[in-house]
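Thanks, everyone. Let me put the structure up, and then we'll walk through it piece by piece.

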Amino acid sequence: MWACPHCQLALLPIGTGESLACANRHAFDRAREGYVNLLPANRKRSLEPGDNPLMVAARRRVHEADIYRPLADALVTELAGLSGVSSLLDLGCGEAYYCDALARALPDCTLCGIDISRAAIRLAARRCRSVDFAVASAYRLPLLDEALDAIVRVFAPADDAEIVRALKPGRYYLEVSPAPRHLWQVRALLYDKPREHAPPRMAVPGLRLLGQAGVQYEASPGPELVWDIISMTPFAYRGRPERREYLQRHTPAAVTMAFSLHLYCRDA
Ligand SMILES: C[S@@+](CC[C@H](N)C(=O)[O-])C[C@H]1O[C@@H](n2cnc3c(N)ncnc32)[C@H](O)[C@@H]1O
Ligand SMILES: [Zn+2]
């Protein structure tokens with residue numbers, strides 16, 4: 001289902017499948033880990049776009065502690081409950097915590113994940129051998145038009161028109177966003193005037209809202225994990241060493257984890 005990032009024609013395996021190429025002979029080799037890089041060098045805004053290796057490693061440690069497991073379970077339940085989903089994209093998949101949960105729950109579904117961070121995709125591809133991963137921009141998806149039955153996006157940037165374009169008519173888009181009080185106790189420690197997250201949006205141009213749900217629970221990450229949570233997110237204070245020391249001594253006993261799930265579909 002990948003499309004050439006240069007000319008938008010379908011990319012097909014050539015030879016023994018170690019490379020993909022379009023009819024115009026633009027070719028892309030698979031990396032050792034099995035992913036393919038579909039981000040042309042001239043579209044990179046920086047040398048290392050997206051999450052850097054330290055952020056990716058912090059996110060992996062947080063996910064290994066499973067404090068996002070109730071969210072993964074909710075996401076899987078939501079997607080597994082949809083009928084006729086045989087192809088699914090995780091948009092901005094990071095190191096593939098949710099892809100992994102989806103691959104286990106939906107073994108007959110063709111899963112793919114994209115992220116602009118090579119460090120994230122490298123770890124993702126090592127984790128889930130059955131998922132097809134590409135380094136790519138969410139603002140210009142290397143996907144054919146109407147390629148997918150479902151797209152899920154968990155806290156990642158995206159372009160609405162690209163989401164609509166890549167979905168088959170009548171098919172699904174699940175958007176997961178932080179609810180206003182998500183990580184509130186961490187925010188309260190970091191900022192003099194902590195602010196809630198903005199309420200999640202309720203509409204996406206070109207899509208119809210089918211339903212919404214909330215997931216909220218308390219987690220008890222220790223000081224190291226709190227620091228990893230900070231390191232994997234764009235909190236402004238994380239660069240200050242004195243903050244780290246302070247947080248070691250004032251780790252909150254419980255941290256609110258709060259998310260909103262919005263399910264949309266493209267009109268048939
Ligand atoms: C907050 S992380 C979420 C990762 C994953 N969905 C998760 O929840 O574990 C945001 C992700 O978006 C990726 N990202 C940032 N800009 C992007 C872009 N323009 N296109 C694709 N991915 C992007 C980052 O590299 C990062 O992995
Ligand atoms: Zn091409």
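A word first: this is a predicted model. I'll start with a pair of strands. β1 and β2 run antiparallel, and three bridges join them. β2 covers residues 19–21. Within that pairing, Pro13 sits opposite Leu20 of β2.

Now widen the view to the sheet. Its strand order is β1-β2-β3. That is an open sheet of three strands, paired antiparallel. Which strands stand at the edges? β1, residues 12–14, and β3, residues 27–29. Each has a single partner strand, so one side of each has no neighbour in the sheet. From one strand to the next, the twist averages 35°.

Gln8 belongs to the segment before β1. Its phi is near 70°. That is a positive value, in a residue other than glycine. Buried or exposed? Gln8 has 46% relative accessibility, so Gln8 counts as partly exposed.

Next, the parallel pairings, with β6 as our reference. β6 spans residues 110–115. Five of its six residues are buried, so β6 is largely enclosed by the rest of the structure. β5, residues 87–91, pairs with β6 in the parallel sense. That pairing has five bridges. Asp90 faces Gly113 of β6 there. How does the chain get from β5 to β6? It crosses through helix α3, residues 97–105. This β-α-β crossover is right-handed.

Now take β7, residues 132–135. β6 and β7 also run parallel, joined by four bridges. Gly113 comes up again: it stands opposite Phe133 in β7.

Which ones are buried? Tyr97, Tyr98, Cys99, Asp100, Ala101, Leu102 and Ala103.

What packs against α3? Helix α2, residues 69–80. A pair like this is described by two values: the angle between the axes and the distance between them. Here the angle is about 45°, and the axes are 10 Å apart. The two helices are therefore oblique to each other. The crossing of α2 past α3 is right-handed. On the α2 side, the contact is made by Arg69, Leu71, Ala72, Leu75, Val76 and Leu79. On the α3 side, it is Tyr97, Tyr98, Ala101, Leu102 and Ala105. Compare that with the buried list: Tyr97, Tyr98, Ala101 and Leu102 are among the buried residues of α3.

One last stop: Phe155. Phe155 lies in a loop between β8, residues 148–154, and α5, residues 160–166. Phi of Phe155 is near 50°. Again the value is positive, and again the residue is not glycine. Phe155 has a relative accessible area of 38%, so it is partly exposed.

To recap. We have an open antiparallel sheet, β1-β2-β3. We have β6 paired in parallel with β5 and with β7. And we have α2 packed on α3 at about 45°. Over to you for discussion.

Key
Residues numbered from 1 in each chain as written. Chains lettered and ligands numbered in written order. Predicted model: local features only at pLDDT ≥ 70, side-chain atom pairs only at ≥ 80, totals over all residues. Heavy atoms only, no water. Buried < 20%, exposed > 50% of the residue type's maximum accessible area, 1.4 Å probe, protein only. Pairing = 2+ DSSP bridges. Right-handed = clockwise from strand over helix to strand, strands pointing away. Axes fitted to C-alpha atoms, helices over the stretch in contact; angles between N-to-C directions. Parallel < 35°, antiparallel > 145°, perpendicular 65-115°, else oblique. Left-handed = near helix turned anticlockwise from the far one by under 90°. Contact = heavy atoms within 4.5 Å.
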